[in-house]
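The stops below go from single side-chain pairs to the whole chain.

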Amino acid sequence: MKSQRFMLPVVLMLLSAVAFSQSDLQKSSVTPVPSEAQKSFSTMKSLAGDWEGPVTTDIPQAMAAKMGADKIGPIHVSMRVTSRGNALVHELQEAGTPLDATKYDHPVTMLYVDGEQLTLIHYCDAGNRPRMIGKMSPDGKRVEFDFVDITGRNQHQHMHHSLFTIIDANHHTEDWTFMMGDTPIHAHFDLHRKG
């Protein structure tokens, strides 16, 4: 009789373990539907690789000369998926320049899904970090990022908006808007996959 009393709790524990494992098995067999943010992020991750192309801006000529931006050459963009697929690193520099952040611009942008939002943080050469939230167009060809907030110094000169447009697997454009006080300055990159 004593052994039967001991066996009952053991049998109950085994049955509950089997029930929980079956429940977990049923849960894992259901494929979760990706959120809009996850779909947008997958689209952005498809751009991983090296890109180069010309830049056009609407900077007034006098301002461009004063800033040393009147002779902008082609741009090089590197994008790579990192953190076990949870982040996309976007690095930008003038094509043909060394990676020397003391002499050349080299902003870094990080993209990741935060809750239900595709988030972009731009680590700007201006010394600040604007945060933007992205949404994909219904046709899946464009991901547009709108300004949310900013940290760091020099908050009156910051990146304010970006738009990525996928033409095909080897061609995309990027449109970036930089706020110079109250004046928006637009830059358009026409990028082709390198190699």
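Select Asp-139: this residue is partly exposed, at a relative accessible area of 47%. Here buried means under 20% relative accessible area, exposed over 50%, and partly exposed in between (1.4 Å probe, protein chains only). A salt bridge is counted when a side-chain nitrogen of Lys or Arg lies within 4 Å of a carboxyl oxygen of Asp or Glu. Arg-142 is partly exposed too, with 35% relative accessibility.

This is a predicted model, in which local features need pLDDT of at least 70 and side-chain atom pairs count only at pLDDT 80 or more, while totals for chains, interfaces and linings use all residues. Residues are numbered from 1 along each chain as its sequence is written, and side-chain values use heavy atoms, with hydrogens and water left out.

How many salt bridges does the rule give? The count is 5. Go next to Lys-194 and Glu-52, a pair whose closest N and O atoms are 3.4 Å apart. This pair links distant parts of the chain, 142 residues apart: Lys-194 sits in the segment after β11, and Glu-52 in strand β1 (residues 49-53). Helices (H or I, at least four residues) and strands (E, at least two) are DSSP runs, numbered from the N terminus. Lys-194 has 45% relative accessibility and counts as partly exposed; Glu-52, at 26%, is also partly exposed.

Now select Arg-80 and Glu-91, which form a salt bridge with the closest N and O atoms 3.9 Å apart. Arg-80 is in strand β3 and Glu-91 in strand β4, so the bridge ties together parts 11 residues apart in sequence. Arg-80 is partly exposed, at 42% relative accessibility.

Center on Phe-189: leaving aside neighbours within four places in sequence, its contacts (heavy atoms within 4.5 Å) include Pro-54, Ile-75, Leu-92 and Trp-176.

Finally, zoom out. The chain has 3 helices and 11 strands, and 35% of its 195 residues count as buried.
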